[in-house]
Amino acid sequence: MQGYNVRVHARLAVVALLAVTALAGSAHGQGAVPDISGSYWANAYRAKVRLIDGGQLPLTEKGKAAYAKNMAGLKDGSISDDARKICTPDGPVRNLATPYPFEIFQAPPGQVTIIHELNHQIRVIALDKPVPKYEELIAFPYYNGHSYGRYEGNTLVVTTLGFNEKTFLDATGAPHTDELVITERFRKPSPNNLEVVVTVHDPEYYTRDWQTRFVYSLRNEVRLEDYVCGEPHRDLSSVAGVQRP
């Protein structure tokens with residue numbers, strides 16, 4: 001009888017969760033919230049961000065100076081890549097270039113949660129809330145910023161701002177200021193793939209907005225593992241572009 005009660009309570013819990021999910025979906029009109037939940041893993045890795053239009057980063061003179069300083073400092077050791085040395089978060093754009101898997105949860109109601117294996121980064125995206133002004137968030141700068149999202153048809157559109165200046169946009173040291181605003185568009189072009197198109201807006205360092213794109217495979221058989229700086233991690237041999245030690 002005790003086992004029976006446990007099963008009954010478990011089924012009731014599942015029913016309750018499905019009901020909450022349905023209610024959350026109906027709040028977005030016609031109950032049609034795209035299902036982007038799951039574990040994802042990139043098939044390829046690039047250290048340098050690649051623009052969709054194939055061009056170079058449209059840097060201002062200040063941006064060029066900041067990029068040159070970062071590249072030289074990373075090379076001679078005068079600038080530390082703390083994301084790799086002490087496991088600080090990667091920050092905007094670079095966190096999407098991860099060669100490690102990550103998982104998306106469309107939960108709890110009112111938010112989307114993204115958990116990265118690399119550095120155990122956690123992003124919380126608040127849904128259907130007005131995006132605060134830069135001045136309201138810059139007093140609380142985050143490595144990965146503050147994210148606000150909404151569903152547009154089959155796409156989750158996320159606006160993120162309120163960053164600190166301790167990160168790079170890629171592993172080569174592409175710079176950004178604390179006035180950076182990024183817009184990400186998450187969608188599944190096919191049942192087993194996730195696409196994220198990112199628009200970068202940072203007028204002090206870039207002459208215009210620019211876009212980059214990431215594609216991942218759905219890998220629900222993969223479970224996130226521990227990640228500790230300085231210790232061996234999972235095998236990345238399946239990810240093209242990862243440098244082997």
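**Why these labels?**

Read along the sequence, this predicted model runs α-β-α-α-β-β-β-α-β-β-β-β-β, where helices (H or I, at least four residues) and strands (E, at least two) are DSSP runs numbered from the N terminus. Residues are numbered from 1 along each chain as its sequence is written. As the model is predicted, local features need pLDDT of at least 70, side-chain atom pairs count only at pLDDT 80 or more, and totals for chains, interfaces and linings use all residues, while side-chain values use heavy atoms, with hydrogens and water left out.

Me: Why is Arg-50 called exposed?
Reply: Its relative accessible area is 51%. Exposed means over 50%, buried under 20% and partly exposed in between (1.4 Å probe, protein chains only), so Arg-50 with its 51% counts as exposed. You'll find Arg-50 in the loop between β1 (38-42) and α2 (61-76).

Me: Which residues does Arg-50 contact, leaving aside its neighbours within four places in sequence?
Reply: Gln-211, Thr-212 and Arg-213. Contact means heavy atoms within 4.5 Å, so that is the test these residues pass with Arg-50. The C-alpha atoms of Arg-50 and Gln-211 are separated by 8.5 Å, and the two residues are 161 apart along the chain.

Me: How much of the protein counts as buried?
Reply: Of its 245 residues, 42% do, so that share has under 20% relative accessible area.
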